[in-house]
Amino acid sequence: MKRLFAYLIIGAMILGVVTGWGINHFSTAEQAQAAATNLSLITDVFLRLIKMIIAPLVFTTLVAGIAHMEDAASVGRIGVKTMTWFVGASIVSLVLGLVMVQLLQPGAGMNLPEAALATAPAASTDNFSLHNFITHLVPTSIFDALARNEILQIVVFSLFVGTAVAALDDKAPAVMVIVEQAANIMLKVTEFVMKMAPLAIFSALASTIATQGVEMIGVYAKFVLGFYGSMALLWGLLFVAGALVLGRQIMPLFRAIRTPTLLAFSTASSEAAYPRILEALPKVGVRRRIVSFVLPLGYSFNLDGSMLYCTFATMFIMQAHGVQLSVSQQIFMLLLLMVTSKGIAGIPRASLVVIMATLTYFGLPEAWIAIVLGVDHLLDMGRSATNVVGNSVAAAVVAKWEGELDEAPEDGAPPKEEATPALA
């Protein structure tokens, strides 16, 4: 069934590109736009379904996972190890993007001063401050946070609830039963939603190609190919770093996340892959309490693909307009991106907002970002897939460090920890 689903996704991607090209090639611009609008309806519904299940899924699995830990010290220890990996991966992603864009020079010679007159996207950089970020972490109401899918706020509340349950002598068995059953129900709901994924992938690719055409890839070929080449290097580094910690288990891990990665790539949404990763990692030995703890944090603090894109695209925009930064300015830009990229979880087109904030800081027009908008969706597909890979490797590494990584079971065998009804 897993192979069939992967084949369906690949088939949907191919059919989506072919259908989009046909609409773009044989229709007028108005007809192509109308067809794209109709096609995107399926993708929009699918992504809304994903958003519908993300909040309760994160809350129930995270509370259950933390509650099964021995004490608050365990939560703190795992949290420190998790953030250590996240910070290291963030630094590598940012520096790799900077080095590669300097080597490839994809924007050199474009000379686009008139692009400053283009219309900037509707996004605000006003809230990028340390005070706003820290206060935003704490929800004023958990129901408000759940309603708005504020993942960071849900994580904070879940940490308090899970730690409180773990601190009780009897572990609040009635509450644990409810939480674990709710988590199992949400995983089953997720299974139903995911059956719609191939349709959503087909409509997403078809609608994009229908309006923009495959020619958009050629116009920005050096930029697009340079970014994807840099991303391939990042995948290689993640593989090597994971192999150093995980050993032979790195191969089963990468095999297990193929479908979630394809799903994230095709829909340009790492959120769409979250339920699939949550399901896949325990099957290769990563215990659920680690997965439930690391993944929600990763979706806020470990966006490897997005950070690589931020440095690569920011420098590309500056190169295209003939702007040169000194070495000290480039280092400061990395530090600025390191901070601002941690507070944008859940913001639509978050990477663009971060890039706009960076351009503004250096006194450059926000409207310059317009030159990357034409291919942003294509690049968003790659960075979403990379975010999935980065968070999956992070969860497995933290599990290994904690002694919570079992030997990957044979295909078709249930994971060890699934032999009991409890999530842990």
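Student: Does A172 count as buried or exposed?

Tutor: This is a predicted model, so the call rests on computed accessibility. Buried means under 20% relative accessible area, and A172 counts as buried because its value is 15%. You'll find A172 in the loop between helix 6 (151-167) and helix 7 (173-194).

Student: Where is A67 relative to A172?

Tutor: The two are 105 residues apart along the chain, and their C-alpha atoms are separated by 9.3 Å.

Student: Okay, how do I read a pair of packed helices?

Tutor: Two packed helices are described by the angle between their axes and the distance between the axes. Here, take helix 13 (residues 270-280) and helix 18 (residues 376-401): their axes come within 9 Å and cross at roughly 35 degrees. That crossing is right-handed.

Student: Which residues make the contact?

Tutor: Helix 13 brings S270, A273 and I277, while helix 18 brings S384, N387, V388 and S392. Sorted by type, the contact has three nonpolar residues, four polar and no charged. As for spacing, an α-helix has 3.6 residues a turn, so residues three or four places apart point the same way.

Student: What about helix 14, how many of its residues are buried?

Tutor: 14 of its 14, so to speak a mostly covered helix. Helix 14 spans residues 288-301 and reaches 20 Å from its first C-alpha to its last, close to the 20 Å expected.

Student: And what does the side chain of N302 touch?

Tutor: N302 lies in the loop between helix 14 and helix 15 (304-320), and is buried because its relative accessible area is 0%. Its side chain makes a polar contact with the side chain of N391 (3.1 Å). Beyond its sequence neighbours within four places, N302 is in contact with residues including F86, L297 and A394.

Note on methods:
Residues numbered from 1 in each chain as written. Predicted model: local features only at pLDDT ≥ 70, side-chain atom pairs only at ≥ 80, totals over all residues. Heavy atoms only, no water. Helix = DSSP H or I, 4+ residues; strand = E, 2+ residues; numbered from the N terminus. Expected span 1.5 Å × (residues − 1). Buried < 20%, exposed > 50% of the residue type's maximum accessible area, 1.4 Å probe, protein only. Axes fitted to C-alpha atoms, helices over the stretch in contact; angles between N-to-C directions. Left-handed = near helix turned anticlockwise from the far one by under 90°. Contact = heavy atoms within 4.5 Å. Nonpolar A, V, L, I, M, F, W, Y, C, P; charged D, E, K, R; others polar. Polar contact = N/O pair within 3.5 Å; in protein donor to acceptor, adjacent residues only side chain to side chain.
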